[in-house]
Amino acid sequence: MNSQTREKSNLRAPTGSVTGLCSASATMFAVGMAFLGYWGVYEQGSWRAVDYLVLIVAVLGFAALGCVPWIVTTPVAEDEPDKVAVARRAMVLGTGLLWTAVCIAVFT
């Protein structure tokens, strides 16, 4: 590993990225809860297999979004890279799973 690569791996995230990720994950969590509340209240009849699929995908999305603040605020040593990149991936995963649940619910 040369010195230029080592310097790039030790770069810190921009100021405000931790706050932004925490706020964005909380907002997506709230949007997902609003969707589940609306979907659960206004759907009549017994549950079908696709309804359980929507619920499972949404819960997995909520789990990923709930982990974002925990991941991004995990303390790291001074010489280690921060966890912002991992938290961003969890944010994308959670958002994608929630939107997948919405699409499944809407189009089935």
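Read from one end of the sequence to the other, the protein chain follows the pattern α-α-α-α. In other words, its secondary structure comes to four helices and zero strands. Please keep in mind that this is a predicted model.

**The chain as a whole**

The protein chain has 108 residues, and buried ones make up 29% of them. Which residues account for the contacts with a separation of 6 or more? Residues 24 or more positions apart account for 79% of those contacts.

**A glycine in helix H2**

Let's visit one residue as an example. Gly32 has its place in helix H2. Is Gly32 buried or exposed? Its relative accessibility is 5%, and a residue under 20% counts as buried, so Gly32 is buried. Leaving out residues up to four places away in sequence, Gly32 touches Phe62 and Leu98. Another glycine to look for is Gly61: it lies 29 residues from Gly32 along the chain, and the C-alpha atoms of the two are separated by 8.7 Å.

**Aromatic rings**

Now look for the aromatic side chains. The count of aromatic pairs comes to four. One of them joins Phe35 and Trp39, whose ring centres are 6.1 Å apart. Why is this pair called stacked? The ring planes meet at 20°, and planes under 30 degrees apart count as stacked, so the pair of Phe35 and Trp39 is stacked. Another pair is made by Trp47 and Tyr52, with ring centres 5.0 Å apart and planes at 50°, so this pair is tilted.

Phe35 and Trp39 both belong to helix H2, which covers residues 17-42. Because they are four residues apart there, about one helical turn separates them. Both Phe35 and Trp39 are buried. Trp47 is partly exposed, at 41% relative accessible area, and Tyr52 is also partly exposed, at 47%. Phe35, Trp39, Trp47 and Tyr52 form one aromatic cluster.

Together with Ile56 and Leu60, they make a nonpolar surface patch of about 440 Å².

**Charges and cysteines**

How many salt bridges are there? The count comes to one. The partners are Arg48 and Asp51, and their closest N and O atoms are 3.7 Å apart. Arg48 is partly exposed at 45% relative accessibility, whereas Asp51 is buried at 10%.

As for the cysteines, a disulfide is a covalent bond between the sulfur atoms of two cysteines. In this model the count of disulfides comes to zero. Cys22 is partly exposed, and Cys103 is partly exposed as well.

| Residue | Relative accessibility | Class |
|---|---|---|
| Arg48 | 45% | partly exposed |
| Asp51 | 10% | buried |
| Cys22 | 22% | partly exposed |
| Cys103 | 37% | partly exposed |

Key. Residues are numbered from 1 along each chain as its sequence is written. This is a predicted model: local features need pLDDT of at least 70, side-chain atom pairs count only at pLDDT 80 or more; totals for chains, interfaces and linings use all residues. Side-chain values use heavy atoms; hydrogens and water are left out. Patches are made of residues with over 30% relative accessible area and no salt bridge: like charges are joined within 9 Å, nonpolar side chains (Val, Leu, Ile, Met, Phe, Trp, Tyr) within 5 Å. Accessible areas come from the Shrake-Rupley method with a 1.4 Å probe; for residues, only the protein chains shown count as cover. A salt bridge is a side-chain nitrogen of Lys or Arg within 4 Å of a carboxyl oxygen of Asp or Glu. Rings of Phe, Tyr and Trp (its six-membered ring) pair if their centres lie within 6.5 Å; planes under 30 degrees apart count as stacked, over 60 as edge-to-face and the rest as tilted. Helices (H or I, at least four residues) and strands (E, at least two) are DSSP runs, numbered from the N terminus. Buried means under 20% relative accessible area, exposed over 50%, partly exposed in between (1.4 Å probe, protein chains only). A disulfide is a pair of cysteine sulfur atoms within 2.5 Å. Contact means heavy atoms within 4.5 Å.
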